[in-house]
Amino acid sequence: GEVCNMINKKYSEFLPSMQSAEELVAQVERLASSIDVLRARIESEVQRDLNVAVAEFTELKQQLERDTLVLSILKKLQEFDTAIKEYNTALLEKKYVVAAQQLEKARSSLKTLESRKGFELKILKALGTELTVQTQNMLYHLGEEWQKLVVWKLPPSKGSSSLELVLASELHLCTVPSEEEIAGPPIASVLRAFALLGELHTKLKTFGQLLLKHILKPLISYSSLWPIVEEQPDVVILRFKSEEPSLDNASPVEVFEKIKQILEFLHKYLLNVPLECVDDKKECKVTLSELLGDMIWEELSDCLIQNCLVNSIPTNSSKLEQYVEVIKSTEEFEKALKNMQFLKGDTTNLLKYARNVNSHFANKKCQDVIVAARKLMTSEIHNTVKISPDSSVALPRLPDPGSGDHLKMGKTSKLLHNETLFLENESKLSQHTFSLPTCRISSSVEELMDLAYQTLSEATASTDQCCIQLFYSVRNIFQLFYDVVPTYHKENLQKLPQLAAIHHNNCMYIAHHLLTLGHQFRYRLTSILCDGTATFVDMVPGFRRLGMECFLAQMRVQKGEILERLSSARNFSNMDDEENYCAANKAIRQVLHQLKRLGKVWQDVLPVNVYCKAMGTLLNTALTEIVTRITALEDISAEDADRLYSLCRTMVEEGPQVFTPLPEEDKNKKYQEEVPVYVQKWLTFKELMIILQANLQEIVDQWADGKGPLAAEFSPVEVKSLIRALFQNTERRAAALAKIK
């Protein structure tokens with residue numbers, strides 16, 4: 001047993017040493033064979049041509065270059081990897097600027113890798129994806145931070161008014177310092193990280209839009225709003241309070257102050273962050289204020305001009321001087337914004353607008369004048385006022401000729417009608433030369449005239465440019481009246497005789513004032529109007545024509561109606577027939593009724609002389625038509641004659657009673673007695689009535705050899721025709737006819 005153990009032990013010791021001996025042998029053999037190979041190589045190499053050596057050297061050199069390239073690529077890959085690792089660490093520690101810088105490092109390593117020609121690694125695609133994922137991840141984190149640092153509290157906009165919405169809106173800015181040691185507000189590191197990743201612009205743009213919509217524009221629109229800043233331990237809050245505004249439109253000075261407060265607040269807690277913007281050409285330093293300013297300034301300044309400066313432009317020249325303070329506060333506002341770096345460089349549109357106040361004043365004034373005038377022209381014509389020779393437009397006391405621009409306008413005083421007007425040649429005129437007859441005009445036209453006078457007196461107190469503009473806008477008022485009124489009120493002017501009469505008076509009233517309108521202001525106006533003619537006289541004929549045409553058109557309508565009514569009188573023939581007589585009687589009644597109604601609607605409206613002429617013309621139309629119809633009859637029986645006479649008598653008795661130019665009954669007697677003056681055919685009509693009642697001898701007497709009253713109204717042919725119709729054919733009739741020649 002023991003021998004066996006010993007042998008085993010020996011054997012187990014021997015085996016390994018035996019094996020290692022065998023390995024050594026094998027190694028030696030391998031070495032020997034490799035020496036043989038080497039020897040063979042050397043022998044053959046020595047015999048080789050020199051070229052082979054050169055070729056091999058070149059190959060080795062290329063290999064070295066390849067190795068160097070691989071090495072540099074590996075280094076870049078390592079840099080990429082390190083950058084991503086450090087980025088991850090920094091992100092966890094909320095060191096956003098460092099994280100962003102590391103991401104940018106990784107990006108530039110990847111760029112270098114991608115630029116190696118002829119070296120497309122599959123790995124690059126994966127690295128690119130990794131970088132995109134990490135960038136998005138970082139932007140997500142930054143976005144979350146931004147939402148914690150800048151919080152908009154906006155109410156849902158359902159149903160409540162805009163002012164209530166604004167009052168319920170707040171902006172919260174976090175003031176807890178960030179983990180990183182970076183100058184500026186807590187948000188600085190987030191903003192700079194955004195900038196490094198090229199996303200700042202988008203973020204700021206959204207912020208700028210919210211700022212305009214919920215804070216800046218409401219401050220400009222609602223003068224009652226005031227901003228309040230409330231500082232709490234970790235946060236600062238911007239909100240609004242509402243106070244009763246002192247004026248309807250806030251003064252620009254106030255608005256600028258409020259806007260400045262908001263921008264100062266943002267500058268302090270949010271925007272005072274210097275940024276290295278990486279420009280391809282050069283490194284440039286900008287601040288956040290500047291970036292935001294670029295984005296919102298244009299919209300903000302437009303809003304300030306439209307909703308604040310435009311309203312503050314004065315509407316009368318006396319307030320122009322006070323506007324200096326608005327210009328000054330605009331300058332200061334811009335200066336403050338430049339100090340906070342919201343604005344760069346030159347004068348902005350805002351300041352240019354404020355400084356150009358004189359031109360805006362004139363434009364605004366002219367626009368206001370035209371708008372007011374248009375409103376007056378489209379208002380009702382039938383609201384009237386009575387004017388008389390004694391009434392005249394209230395004129396402002398005008399400055400003495402030659403007293404410069406800076407005169408103060410005195411109190412407006414009534415120009416007494418008996419103040420004598422001096423014309424160029426200084427000869428005195430009677431006080432009634434330019435007086436108007438008593439009549440009614442639309443109150444809107446009186447106001448229009450006041451507007452024209454006020455505007456012209458304003459013009460005389462303004463700068464030259466403004467004066468010219470205002471003068472022409474007054475001319476425009478009248479041009480506008482001429483164009484607008486006849487068209488706008490067309491239907492009513494045709495349908496309603498009273499309106500036609502008022503319109504006629506309106507036009508005559510305007511024409512009357514245009515005669516002297518430029519004259520009162522001539523000293524001031526002629527000196528600056530280039531052609532030296534500050535006059536409105538050229539418009540006078542047009543207005544007179546406008547008034548006349550409208551009234552004559554109405555007269556034609558009324559004449560037409562009279563003839564229409566008389567046409568139903570069956571030609572006044574066979575009056576012994578009851579039905580015919582009734583028709584004729586009815587026609588006469590209707591005509592009288594029509595005239596009576598006209599007499600009423602024109603009463604106290606038309607000037608008395610125009611009234612009498614108009615009523616006289618219409619009554620004359622009726623009488624002429626009746627005369628024509630009766631003289632044309634071929635046969636008139638005795639009963640016919642009686643009935644015709646009674647119809648005519650109705651006209652003669654009741655005709656004059658339609659003349660009621662004045663509301664006081666007793667004063668109309670005079671005009672009713674003067675009817676023959678206004679009715680051309682009055683006497684003809686009376687003569688016709690005499691014939692209807694006369695015998696042959698009386699007719700011959702009335703003719704009196706062509707010298708009697710009958711001969712003054714009728715021709716021999718007409719008289720003969722009447723005699724033949726009225727009398728039967730006898731010798732006496734023949735003798736009478738013989739005398740009519």
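User: Let me check the wording first: angles under 35 degrees count as roughly parallel, over 145 as roughly antiparallel, 65 to 115 as roughly perpendicular, and the rest as oblique. What are the axes and angles based on?

Analyst: The axes are lines fitted to C-alpha atoms, for helices over the stretch in contact, and the angles run from 0 to 180 degrees between N-to-C directions. Please keep in mind that this is a predicted model, where local features need pLDDT of at least 70 and side-chain atom pairs count only at pLDDT 80 or more, while totals for chains, interfaces and linings use all residues. Residues are numbered from 1 along each chain as its sequence is written, and side-chain values use heavy atoms, with hydrogens and water left out.

User: Great. How many helices and strands are there?

Analyst: The protein has 28 helices and 10 strands. These are DSSP runs numbered from the N terminus, with helices being H or I of at least four residues and strands being E of at least two.

User: And what share of the residues is buried?

Analyst: Of the 741 residues, 42% are buried. Buried means under 20% relative accessible area, exposed means over 50%, and partly exposed is in between, using a 1.4 Å probe and protein chains only.

User: On to helix pairs. At what angle do α14 and α16 pack?

Analyst: Helix α14 (residues 464–488) and helix α16 (residues 497–520) pack at about 160°, with their axes 13 Å apart. The two are therefore roughly antiparallel to each other.

User: Which residues make that contact?

Analyst: From α14 you have Val474, Phe478, Phe481 and Val485, and from α16 His503, Asn506, Cys507, Ile510, Leu514 and Leu517. Contact here means heavy atoms within 4.5 Å. By class, eight of these residues are nonpolar, two are polar and none is charged. Ala, Val, Leu, Ile, Met, Phe, Trp, Tyr, Cys and Pro count as nonpolar, Asp, Glu, Lys and Arg as charged, and the others, Gly among them, as polar.

User: Is the crossing of α14 and α16 left-handed or right-handed?

Analyst: The crossing of α14 and α16 is left-handed. That term applies if the near helix is turned anticlockwise from the far one by less than a right angle, and right-handed applies if it is clockwise.

User: What about α6, how does it sit against α3?

Analyst: The axes of α3 (residues 96–115) and α6 come within 8 Å and cross at roughly 10°. Six of the contact residues are nonpolar, two polar and two charged.

User: And α4 with α6, what angle there?

Analyst: Helix α4 (residues 122–149) packs with α6 (residues 188–196) at about 145°, with the axes 10 Å apart. Met138, Leu139, Leu142, Gly143, Glu145, Trp146 and Leu149 of α4 make the contact with Val190, Leu191, Ala193 and Phe194 of α6.

User: Is Leu149 buried or exposed?

Analyst: Leu149 is buried, at 8% relative accessibility. Its C-alpha is 9.4 Å from that of Leu270, 121 residues apart in sequence.

User: Changing topic: how many disulfides are there?

Analyst: A search of the whole structure finds zero disulfides, taking a disulfide as a pair of cysteine sulfur atoms within 2.5 Å. As for individual cysteines, Cys439 is buried at 5% relative accessible area, and Cys582 is partly exposed at 43%.

User: Where is Ser442, and what does it touch?

Analyst: Ser442 is in strand β10 (residues 439–442), and its relative accessible area is 0%, so it is buried. Leaving out residues up to four places away in sequence, Ser442 touches Ile381, Asn383, Thr384, Val385, Ile502 and Asn506.

User: Last one: which loop holds Asn571, and what is its phi?

Analyst: Asn571 lies in the loop between α18 (540–566) and α19 (578–601), with a positive phi near 60°. Most residues other than glycine have a negative phi. Asp604, in the loop between α19 and α20 (608–631), also has a positive phi, near 65°. Asn571 is partly exposed at 42%, whereas Asp604 is buried at 17%.
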